[in-house]
Amino acid sequence: MQQDISLKPYTTFGIEAKTRWFTEVSSVKALQAVLQAHRDTPKLILGGGSNLLLTQDFPGLVIRVAIAGIDIVAEDAEYTFVKAGAGVVWQELVEASLEMGLSGLENLSLIPGSVGASPMQNIGAYGVEIKDVFHALEALHIETGEIHSFNAADCRFVYRESVFKHA
């Protein structure tokens with residue numbers, strides 16, 4: 001846990017703003033522990049910082065999600081299922097999938113941000129959206145710390161929208 005940290009290097013706009021408290025988590029268990037310990041503190045969950053414009057200091061705790069990992073978890077005759085950590089840079093997932101000989105993400109190349117944020121706004125480019133290549137995700141409920149699984153239908157994807165923006 002760090003105190004009075006500049007958030008300028010953590011957002012793509014690079015505008016000066018500070019946070020009272022800052023921590024980076026690299027596992028779900030670490031995230032759960034931080035959320036439990038700071039239950040009553042205002043929180044901002046930060047991924048790649050590409051859709052975040054800070055115009056003033058944040059008085060609470062910024063939690064930067066740095067959960068890594070890109071792994072093939074299953075294959076069948078038609079599909080290969082890849083699991084990626086929420087903190088993986090989106091472009092790294094695109095490049096890793098191509099290196100593994102997998103297609104489907106190449107049109108989504110160079111979209112800024114992290115894997116964990118990609119379903120939130122149903123990222124897309126050149127006629128492909130995340131919903132077109134998405135199977136499922138695990139999400140952590142910020143207030144309870146519980147893990148919930150969502151399939152594509154549960155996410156209610158529409159153009160640049162998902163259930164995570166509103167519910």
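Arg160 is found in the segment after α3, and its phi is near 55 degrees, a positive value in a residue other than glycine. The model is predicted: local features need pLDDT of at least 70, side-chain atom pairs count only at pLDDT 80 or more, and totals for chains, interfaces and linings use all residues. Residues are numbered from 1 along each chain as its sequence is written, and side-chain values use heavy atoms, with hydrogens and water left out.

**The segment after α3**

- Arg156 is also found in the segment after α3 (152-155).
- Phi of Arg156 is near 50 degrees, a positive value in a residue other than glycine.
- Arg156 is exposed, with a relative accessible area of 57%; exposed means over 50% relative accessible area, buried under 20%, and partly exposed in between (1.4 Å probe, protein chains only).

**Elements and overall form**

- The protein chain has 3 helices and 10 strands; helices (H or I, at least four residues) and strands (E, at least two) are DSSP runs, numbered from the N terminus.
- From the N terminus on, the order of these elements is β-β-α-β-β-β-β-α-β-β-β-β-α.
- The protein chain is as compact as a globular protein of its length, because its radius of gyration of 16 Å is close to the 15 Å that the globule rule gives for 167 residues.
- The radius of gyration is taken over C-alpha atoms, and the globule rule is 2.2 Å times the number of residues to the power 0.38.
- The C-alpha trace spans about 50 × 30 × 30 Å along its principal axes.

**Burial and contacts**

- Of the 167 residues of the protein chain, 33% count as buried.
- Contact means heavy atoms within 4.5 Å; among contacts between residues at least 6 apart in sequence, 44% join residues at least 24 apart.

**Nonpolar cores**

- A nonpolar core is a set of buried Ala, Val, Leu, Ile, Met, Phe, Trp, Tyr and Cys residues joined through side-chain atoms within 4.5 Å.
- The largest nonpolar core has 16 residues, and those with the most contacts inside it are Trp90, Leu93, Leu105, Leu108, Ile111, Ile130 and Phe134.
- Helix α2 (residues 90-99) gives the most to this core, with 3 residues.
- A second, separate core of 9 residues includes Leu7, Ala17, Leu52 and Val62.
- Not counting residues up to four places away in sequence, Phe134 touches Pro119, Phe150, Asn151, Ala152, Cys155 and Phe157.
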